Amino acid sequence: EQSSVNLQTPVTSVATEIYDMHTLMMIICLVIFVAVFGVMFWSVFHHRKSKGAVAAHFHENTMVEIAWTVIPVLILLGMAWPATKTVISMKDTSNPDITIKATGYQWKWGYNYIKGEGEGIQFVSNMSTPQDQIQGRAAKGEHYLLEVDNPVVVPVGKKVRILLTANDVIHAWWVPALGVKQDAIPGFIRDTWFRADKEGVYRGNCAELCGKDHGFMPIEVHVLSADKYSAWVADQQGKLAATKEDPNKEWALQELVAKGEQVFAANCAACHQADGKGMPPAFPPLDGSPIVQGDKAEQIKVVMQGRDGTAMAAFGKQLSATDLAAVITYTRNAWSNQTGEAIQPAEITAALN
Amino acid sequence: MSAVTPDQVHDDHHHHGPTGLMRWITTTNHKDIGTMYLIFSFIMFLSGGVMALTIRAELFQPGMQIVQPEFFNQLTTMHGLVMVFGAIMPAFVGFANWMLPLMIGASDMAFARMNNWSFWLLPVAAILLIGSFFVPGGATAAGWTLYAPLSVQMGMGMDLTIFAVHIMGISSIMGAINIVVTVLNMRAPGMTMMKMPLFCWTWLITAYLLIAVMPVLAGAVTMILTDRHFGTSFFNAAGGGDPVLYQHVFWFFGHPEVYIMILPAFGIVSEIIPTFARKPLFGYASMVYATASIAILSFVVWAHHMFTTGMPAATQLFFMYATMLIAVPTGVKVFNWVATMWRGSMTFETPMLWATGFIFVFTMGGFTGLICAIAPIDIQVQDTYYVVAHFHYVLVAGSLFALFAGAYYWLPKWTGVMYSEFIGKLHFWCSIIFFNITFFPMHFLGLAGMPRRIPDYALQFADFNALASIGAFGFGLSQLIFIVAVVKCVRGDGKKAAASPWEDAQGLEWTVPSPAPHHTFEIPPVVK
Amino acid sequence: MSPTFEKYFVPEPSKFPIFGSFALLCIGAGSVMWLNHTGPGPLVFFVGLATLIYMLFGWFGQVIRESESGQYGKNVDASFRWSMGWFIFSEVMFFFAFFGVLFYVRVIAVPSLGSEESVSVLWQGFEAVWPTAGPRAEEAFSPMGAWGIPALNTLILLTSGATLTWAHWGMMKDNRTQLKLGLLLTVLLGALFMGFQIYEYMHAYGEMNLKMTSGIYGSTFYMMTGFHGLHVTIGAIMLLVMLFRVMAGHFTKDNHFAFEAAAWYWHFVDVVWLVLFVVVYWL
Ligand code: HEA
Ligand code: HEA
Ligand code: CUA
Ligand SMILES: [Cu+2]
């Protein structure tokens, strides 16, 4: 269904305008191209010395020169007109029905529904294509590299405003069918909007070089009918309530390690590797690391605040206290790091304040 | 200061300077220096090409096969930097060195000693740049644009790149000043500005662009350096800076930079077309004005690389309109070339083939540029292979093809030997066919949604990527033909070239013997 | 060959450029090692610096000898004029980049960090007023006022421009005493300027807690005034060399472009300061 030679089938008004504008521009350029090179090739074939052509000696003709300056200007004006209208409508992010904040992380997207139906929902969206497929150890699936664990879900026909920011470096949120591409700038807020006319699943990528796994941070948007959307919202809010853990619960070491292993796989393994060996020197090993084996306060600080000037992000605001406690406990008890220490969520909360 | 002693006061040049390697290291001769520039840039082209082929090999099919993602990004970054700063720019400077004094009837460049230094800084920069692959953490992987804050995150390879850029900048500025002064001050009697060959004009204007923007690039990378090591916050929001600020500074340099890489190409083509059409250039004056207009406009279009950063609508519109306007003077050039060919008496020796190919394929790149200039469309194609296709059409089929055109045109003058037409034509036809096989499919890839700078891609992009990769290897192999053509000339294997090997070539360079003697125009010719 | 034709001077092959290249290789590689705390960074750096100084002395020395022995004619003189002019233009563009940065930060970046949405979503409590160290400033600092040392420095530089012109008049009148005195005064005023500037930095670090790391204000303040200071130093060295050359009996009333080049450079540094004074200190 997806064209492999042209822009993807548009499902918003802006994307449709872009699609048509591109077609129009291409045709205009093609016409000029054929005209100019028609003349050139005619001359290439006929005004050859081997055909007995004798060189004329004309040059400079003010009328001709004015014509080929003015006519292009007029053509350009014709092109600029529709483009201007579309630019203005693309920039109009006022009066949205739903506002979602999307945050770019190296290398995943965090979503936060901040206004409208679904307010309060938040989750992190990771690519779900398994490494085995990427490394060629398993057959590649249909949506290879374009699939995520937690897609963005929005209702059809509603104006959705996306607020963009980033946590570390610049990323860009791009879904071609929606006609939306907007950079996410760390420390700044940018916005964009779309109103999807058709239910369906629309896929895109991070479109700004953001480091090692830039090619592996897809975006998946599910556009649902109003009813299904409400059902999804209810479902999410239910889950949110159910998984709200008691922050003061005392966890057993085994529980923390088990949970931590999952958190590690989703957030840390891309750099530090599943075997904890890292990819030195850019991504240091955790296995045998003096910080991981040393004073836990130091490790908590690094994990929560990140390391300036490196790819090590500040996870303090990205993960829950429980997840942080679990993953730190995991690293302190995995591989050759057998400290036997358990870090409790409460300690993380304490460190936060 | 010591007493004033005239060093050596020679009235003639029949002394013997250093020989062997020292000749090349210490030379103050514009032809020697031009040759070194050309050889250096070709080596850089091969190095950048090997990186490109590694990229294409990894992208031959989906999945990761050959390199790690981090290394892939290093390759992309270094490929861009090496090609832009190592291959294309120095190659044009090499042409300028060889040809400007010959074209305007000067005995040498205005500052012959500084000219030597301009060249010998480049190998230094290349050592730092390419050496960065071998330091801990590898080369910088932030893209040739070195966007902050990603570049602030990089390892010491980034610092090496920063210093390499500084050194290349010093080299370019000195080179540009040398060219400006040579053109303004060393023309033979009677060689008025409006009689100069167009190549001199385009290089004069290019040199101004270089003087104006290289310092700005130096400023940009200096700020990255201090953000990395001295705690400044230029590109860090927490300290009140802005990552987008880097992009503004970079592209204020970057956009004029792309015209730095194309204006001398326009100049070369404007020399070749009239020669082989046996007819004067249709509109000399309008070509000069068009070149100047492109240069001036190039300072007010930079943010067309930043349409997705989220600028206010008015800003977007301004940069969109300004960018579109550049199509007008560029069109004037294309129309001029076509009008020059019209009713000429054309022959298609190798230089003319390349020049004709240049006009054809470059214009395609120009049109895709125009499509990128339309902000809403750019929102879709920005950072996709559409842009990769656009700029390879203007850089490879534009700058590089014009360089080949010029190389074949002046090879007889440089070596005194005619290249083999068969080899030259083979080189051209292989290049233009494989070029299009490589880069034409990238338009489709980009439109259909394949981002650039990714080591792996979704399955629907597999076919065109395989095709592009095959094309790239074919294109790469085709370049070996050029080596054969040049080596044959250098070894004297071929017909001896007359002072003017072309039937209807105008210009002073054709009045001196081929190969051009070491010293020419010590007594300036008089131009009527 | 027409009798009036003057042959353009083309120098002999020279070893100095390759020394210069070696110097920059060492300076580049040494700086990188130094900054990353690996290898013999400072050593390599200083070897490079020493080579550079050797190269500058040798190269300029040779140019001076060539010039004084009358090998340069009118044409070479014109070349020097063009080149110095365009070199200064390239320097102007370097500063232009930083002025652009300051403009952008003050007019676009900081206000947008302080916009309503930015403050509510990202930077609670941030107030976008210049000067600022950004929304996550660690410590408070006091900004640098315009009317103390900076105003004095403006006066000093303006005066130095006048003394330099006075020196030039001396050259034109063949009044070597006036020339020497004017040059000496100019160099001394330059040194005084730098002295004040260094004092100002020390004061800023010591008492005002204004550092390079004080967010964007500190960054722009130190980088802009710092690069200017560097250029004042270079300009003063150039003038000092001119003073020595005058004392060695160089230059005539018709042939003293080196002096003029240094003077142009000095005036350029002067003008940059005026703009700095207005946009960095005053506004
Ligand atoms: C030699 C180099 C070169 C040249 C000459 C050009 C020429 C042009 N470029 Fe290109 N460009 C690059 C090198 C170059 N570019 C590079 C390297 C990048 C990517 C950088 C990066 O991100 O890494 C880039 C990216 C780039 C972008 C940003 C894309 C993106 O990242 O999203 C844009 C957007 O406006 C653009 C536009 C143009 C335009 C309008 C021209 C115009 O000058 C073209 C003008 C020519 C014509 C239009 C054809 C001839 C005209 C006629 C026959 C007249 C009649 C025509 C009409 C009236 C329509 N270029
Ligand atoms: C300035 C000129 C220039 C030139 C000449 C080229 C030449 C080529 N480029 Fe270029 N390219 C850029 C400038 C240039 N590029 C820039 C600026 C970027 C952006 C970088 C970035 O995103 O930061 C880029 C990015 C870029 C990409 C995108 C990478 C990515 O986004 O991840 C690709 C992908 O295909 C590519 C391919 C090629 C190919 C196949 C060639 C070929 O034309 C090369 C041909 C030459 C050779 C192959 C060498 C000669 C032959 C031999 C050494 C013999 C051995 C050969 C064989 C055994 C076959 N380039
Ligand atoms: Cu995130 Cu690219
Ligand atoms: Cu551009």
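A salt bridge is a side-chain nitrogen of Lys or Arg within 4 Å of a carboxyl oxygen of Asp or Glu. In the present structure, which is a predicted model, one salt bridge is counted between chain C and chain B. The partners are E66(C) and R113(B), whose side chains meet at 2.9 Å, N to O. Polar contacts between chain C and chain B amount to 14 residue pairs. On the side of chain C that touches chain B, the elements giving two or more residues are α1 (16-35), α2 (41-68), α3 (74-113) and α7 (215-247) of chain C. The largest share comes from α3(C), with 21 residues. By class, this side of chain C comprises 44 nonpolar, 20 polar and eight charged residues.

The size of an interface is often given as the accessible area lost when the parts come together. For chain C and chain B, the buried area is about 6200 Å², and carbon and sulfur atoms give 74% of this area. Within chain C, the residues that lose the most area to chain B are E12(C), L35(C) and Y104(C), together 9% of what that side buries.

Ligand 1 is located between chains A and B. Of the 32 residues around the ligand, those that come nearest are W144(B), Y259(B), D378(B), H390(B) and R452(B). An oxygen atom of ligand 1 lies 2.8 Å from a side-chain N or O atom of W144(B), and the distance from a ligand oxygen to a side-chain N or O atom of R452(B) is 2.8 Å. The shell contains 20 nonpolar, ten polar and two charged residues. The element that gives the most to this shell is α13(B), with eight residues.

Technical notes
Residues are numbered from 1 along each chain as its sequence is written. Chains are lettered from A and ligands numbered from 1 in the order in which they are written. This is a predicted model: local features need pLDDT of at least 70, side-chain atom pairs count only at pLDDT 80 or more; totals for chains, interfaces and linings use all residues. Side-chain values use heavy atoms; hydrogens and water are left out. A residue is near a molecule or strand if one of its heavy atoms lies within 4 Å of it. A polar contact is a pair of N or O atoms within 3.5 Å; within protein, one must be able to donate a hydrogen and the other to accept it, and residues adjacent in sequence count only if both atoms are side-chain atoms. Helices (H or I, at least four residues) and strands (E, at least two) are DSSP runs, numbered from the N terminus. Ala, Val, Leu, Ile, Met, Phe, Trp, Tyr, Cys and Pro count as nonpolar, Asp, Glu, Lys and Arg as charged, and the others, Gly among them, as polar. Buried area is the accessible area (1.4 Å probe) that two parts lose on being put together, summed over both.
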